[in-house]
Amino acid sequence: LHVAADQFSLKHYDIKLLNIFVQTSSSEEEQTVLRYGLGSHIFSLKTANSLIAKVADYGTAIMEVESNGQPATIGQFTTLENTPPEFMILGDAAKQGHGHDAFGLGLCMLHLHTGHAPYEEILENVRCPSGLKDKLQRIWEDEQSPGYSVIRSVILADTYVDENGDVQGEADEVLYDTLYRYLVLFGVPENKFKMKEGGKVWKAISFCLEGNLDTAGRSKTNKRKGKTKKQTVDQQQFEADQKEYSIQTGSNKYIARARKSLEDAGGGGLDLLLSLVNFDPEKRASACEVLNSKFMSSLREVQGTTYTGYDVKNYMAYATN
């Protein structure tokens, strides 16, 4: 991803484990070492049975440099369960860029460390609460609500108005559950980026899941009795869902396994994951930052290492030494 972005400004727009294929190399050796140079580091990957992983499915990829910063289009809504949150929050103000792939890489990281399945299968029974869904529908589906024409086209793609003026077909409601599941997994961000562009969605999230907020973003309390306002049904559901599925504290066995695996791996694995899935695309870790992170240090080759009996393949275009 780093090389493709650097050389060709390539944005894949559908990074997921299903699009990473495993190929057997042509080597006669049972063990292969792939050596990648990046700056002063060389990363060595030992693979059993000469297996090589390759990113595939470039059907939605864009290579034009000038596309960076341009408005996101319906073409970037690929696997809806992996839609980055800024597309849903900012609507037509969301921009094309490499942040989409970074978020997808984060979901791949989560999938791998659960040792089980993509997040949407683990959270299959987690659905957007009715109150939040109602507010989002007014924002996303109502033609009188400006700024969300692209996401409206995605949701209503299979509907049409018949000759009698009646709406036929069913709306695709995946994005409602997708946004809510991200909030359950990763939490409601303290700093709600780009409030001017995404204010309507942010306010819906805050009102339904965090309670009534004052202008400073603090929960309002009953001044006379000093008590916090009673939780709504949406808030109760959100609290229960987070208790089970939050990546930081959730009790679900697959989520807990991912958390332990990331923590045991050392090098700030959980922090790296949270950086990749940051709701603000401008604050996500890039592919290069991932490679240079402490988390990847165990793959860096020690100077003088030899590989007797291995088929060694070298990729050193980005090495400075």
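Start with the open sheet of three strands, ordered 3-2-9 with mixed pairing; strands are DSSP runs of E with at least two residues, helices are runs of H or I with at least four, and both are numbered from the N terminus. Two strands pair if DSSP finds at least two bridges between them. Strand 3 (41–48) and strand 9 are the edges, each with a single partner strand, so one side of each has no neighbour in the sheet. Direction ignored, neighbouring strands here are turned by 15° against each other on average (the axes are lines fitted to C-alpha atoms, and angles run from 0 to 180 degrees between N-to-C directions).

Before you click on: this is a predicted model, where local features need pLDDT of at least 70, side-chain atom pairs count only at pLDDT 80 or more, and totals for chains, interfaces and linings use all residues. Residues are numbered from 1 along each chain as its sequence is written, and side-chain values use heavy atoms, with hydrogens and water left out.

Now select strand 2 (residues 31–39): eight bridges join strand 2 to strand 3, and the two run antiparallel. Pick Gly37 and you'll find its bridge partner, Ile42, in strand 3.

Next, go to Glu301, in the loop between helix 12 (287–291) and strand 9 (311–319). Glu301 has 19% relative accessibility, so it counts as buried (under 20% relative accessible area; exposed is over 50%, partly exposed in between, with a 1.4 Å probe and protein chains only). Leaving out residues up to four places away in sequence, Glu301 touches Arg35, Ile42, Ser44 and Tyr307, where contact means heavy atoms within 4.5 Å.

Over to helix 5 (residues 130–140), where Leu132, Leu136, Ile139 and Trp140 are buried. They span an arc of only 80° around the axis, which puts them on the same side of helix 5; the arc is that of the directions from the helix axis to the C-beta atoms. Among the elements covering these buried residues are helix 7 (174–186) and helix 8 (195–210).

Last stop, the rings: a search of the whole structure finds ten aromatic pairs. Rings of Phe, Tyr and Trp (its six-membered ring) pair if their centres lie within 6.5 Å; planes under 30 degrees apart are stacked, over 60 edge-to-face, and the rest tilted. Select Phe193 and Trp202: their centres are 5.8 Å apart and their planes at 85°, so this pair is edge-to-face. Both Phe193 and Trp202 are buried.
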